[in-house]
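Subject: A structure for you to look at

Hi there,

Here is the structure I promised to pass on. Please open it beside this email, and then read on for what turned up.

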Amino acid sequence: MKSALKIELGRRYRFSASHRLHTSQLSEEENCRVFGKCNNPHGHGHNYVVEVRMSGDVDPATGMIANLADLDAFVERQVLEDFDHKSLNEDVPAFRDKVPTTENLCMEIFQRLKSFPKAKLERIRVEETGNNSFEYAGDNLEGNVRDQTNGRNSVA
Ligand code: NI
């Protein structure tokens with residue numbers, strides 16, 4: 001039975017990181033064609049916005065699902081310390097062999113945050129630019145990565 005006190009919280013975090021969209025599974029020419037200027041060997045940066053959505057029961061004593069200070073510390077340790085002002089390709093092991101698109105970034109962040117002990121991770125939304133954002137809900141929803149891009153082109 002669904003608890004009447006179940007509620008969702010959302011909290012936004014920001015980090016800056018660089019990436020290069022490139023895969024060893026394609027030739028140089030194909031990489032260039034698929035990723036366009038995002039395939040530039042020197043990479044480029046984004047100011048990412050991550051929205052974390054958690055659900056849980058409201059503790060009758062505190063009136064909260066989880067203490068935001070606990071969530072902040074967890075996100076800092078699990079994600080921001082490893083990603084902020086880093087090269088996603090070179091500094092994050094998950095992207096050594098995986099293209100650091102925002103789709104893959106969403107899934108990586110979800111994996112890193114799903115073990116938060118005080119609430120259930122519902123989904124992760126990552127904004128790469130003002131026009132591009134992606135959501136991932138793990139096993140919580142069908143469809144998983146939902147592309148919310150408006151007019152995505154090769155400038156991601
Ligand atoms: Ni990009």
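What share of the residues of the protein count as buried? Of its 156 residues, the answer is 24%, where a residue is buried if 20 or more other C-beta atoms lie within 10 Å of its own, exposed if 12 or fewer, and partly exposed in between, with C-beta atoms placed from the backbone.

Two notes before the details. This is a predicted model, in which local features need pLDDT of at least 70 and side-chain atom pairs count only at pLDDT 80 or more, while totals for chains, interfaces and linings use all residues. Residues are numbered from 1 along each chain as its sequence is written.

The overall layout

The protein has four helices and six strands, which are DSSP runs numbered from the N terminus (helices are H or I with at least four residues, strands are E with at least two). Starting at the N terminus, the order is β-α-β-α-β-α-α-β-β-β. Among contacts with a separation of 6 or more, 64% join residues 24 or more positions apart; two residues are in contact if their C-beta atoms, placed from the backbone, lie within 7 Å.

Helices α2 and α4

Helix α2 (residues 68-83) packs with helix α4 (residues 102-113) at an angle of about 140°, and their axes are 10 Å apart. That makes α2 oblique to α4. Here axes are lines fitted to C-alpha atoms, for helices over the stretch in contact, and angles run from 0 to 180 degrees between N-to-C directions. Angles under 35 degrees count as roughly parallel, over 145 as roughly antiparallel, 65 to 115 as roughly perpendicular and the rest as oblique.

Which residues meet there? From α2 come Val-75, Gln-78 and Val-79, and from α4 come Ile-109, Arg-112 and Leu-113. By type, the residues of this contact of α2 with α4 are four nonpolar, one polar and one charged. (Ala, Val, Leu, Ile, Met, Phe, Trp, Tyr, Cys and Pro count as nonpolar, Asp, Glu, Lys and Arg as charged, and the others, Gly among them, as polar.)

Several residues of α4 are buried, including Leu-105, Met-107 and Phe-110. Their cover includes β2 (44-57), α2, β4 (120-127) and β5 (133-136).

In α1, the number of buried residues is zero out of eight, so the helix lies largely in the open. Just after α1, Gly-36 takes a positive phi of about 60°.

His-22 sits in the loop between β1 (6-19) and α1 (28-35). Is His-22 buried or exposed? His-22 is buried, because 20 other C-beta atoms lie within 10 Å. Leaving out residues up to four places away in sequence, His-22 touches Asn-31, Phe-35, Asn-39 and Val-99. His-22 and Lys-98 are 76 residues apart in sequence, yet 8.7 Å apart in space, C-alpha to C-alpha.

Arg-53 belongs to strand β2 and is partly exposed, with 18 other C-beta atoms within 10 Å.

His-85 lies in the loop between α2 and β3 (86-87). His-85 has a positive phi of about 60° although it is not a glycine, and it is exposed, with 11 other C-beta atoms within 10 Å.

Happy browsing!
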